[in-house]
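Here is a short briefing on a metal site and a helix pair. Look at the model first, then read the points below.

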Amino acid sequence: MQCPKCNSENTQRLEVVFHGGTQEINTTGTTVGGAHGGAFGIGGAVTKTKGQSQSILAQKSAPPSKKSFKAAVILFVIGILMLGGQGATAFLGFLLIAAGAYLGYKNFQFNSKEWPSLYQQWLDSWLCHKCGTTYHHAV
Ligand SMILES: [Zn+2]
């Protein structure tokens with residue numbers, strides 16, 4: 001597959017680039033964790049630093065992520081807790097629940113409708129290792 005910009009043959013699909021870089025992180029993590037045994041905190045920190053320096057390319061070529069429901073759930077839970085309060089607190093709790101429900105609904109819509117096509121686009125994306133261009137080409 002030739003790069004449309006510089007005609008280099010040195011191109012790879014983003015998925016391949018991403019999995020290449022990600023495997024490096026996993027390997028490092030296992031090695032460090034095994035060597036240090038109980039020093040879990042230190043091992044984790046080392047893994048993170050090493051992983052980042054190894055996988056800048058992998059980070060750039062990461063697939064589109066789905067929206068998390070964490071924020072929506074937190075709003076919802078806080079809202080429910082505040083509903084137990086009085087007057088303005090309960091009203092605010094109601095607003096938080098409404099906001100949480102709306103956010104959750106929006107994220108659900110994104111994950112089920114927009115994300116699949118973004119992901120498909122990512123699957124069809126190529127990276128040129130010579131000039132760094134990413135471009136779309138359905139396989
Ligand atoms: Zn190129």
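How are the donor residues of the zinc ion spaced in sequence? They follow the pattern C-x2-C-x121-C-x2-C. The model is predicted: local features need pLDDT of at least 70, side-chain atom pairs count only at pLDDT 80 or more, and totals for chains, interfaces and linings use all residues. Residues are numbered from 1 along each chain as its sequence is written, and side-chain values use heavy atoms, leaving out hydrogens and water.

**Zinc site**
- The protein donors are Cys-3 (SG), Cys-6 (SG), Cys-128 (SG) and Cys-131 (SG), lying 2.3 Å from the zinc ion.
- Donors are N, O and S atoms within 2.8 Å of the metal (3.2 Å for Na, K and Ca).
- The 4 donor atoms subtend angles of 108 to 112°, so the arrangement is tetrahedral (four donors, all angles between 85 and 135 degrees).
- Cys-6 sits in the segment before β1 (11-13) and Cys-131 in the loop between β2 (125-128) and β3 (134-136), so the pair ties together parts 125 residues apart in sequence.
- Helices (H or I, at least four residues) and strands (E, at least two) are DSSP runs.

**Backbone at Asn-7**
- Asn-7 also lies in the segment before β1.
- Its phi is near 65°, a positive value in a residue other than glycine.
- Most residues other than glycine have a negative phi.

**Helix pair**
- The axes of α4 (residues 70-83) and α5 (residues 88-123) come within 7 Å and cross at roughly 160°.
- Axes are lines fitted to C-alpha atoms over the stretch in contact, with angles from 0 to 180 degrees between N-to-C directions.
- α4 and α5 are therefore roughly antiparallel (angles over 145 degrees).

Technical notes. Parallel < 35°, antiparallel > 145°, perpendicular 65-115°, else oblique. Tetrahedral: all angles 85-135°; square planar, octahedral: opposite > 155°, others 65-115°.
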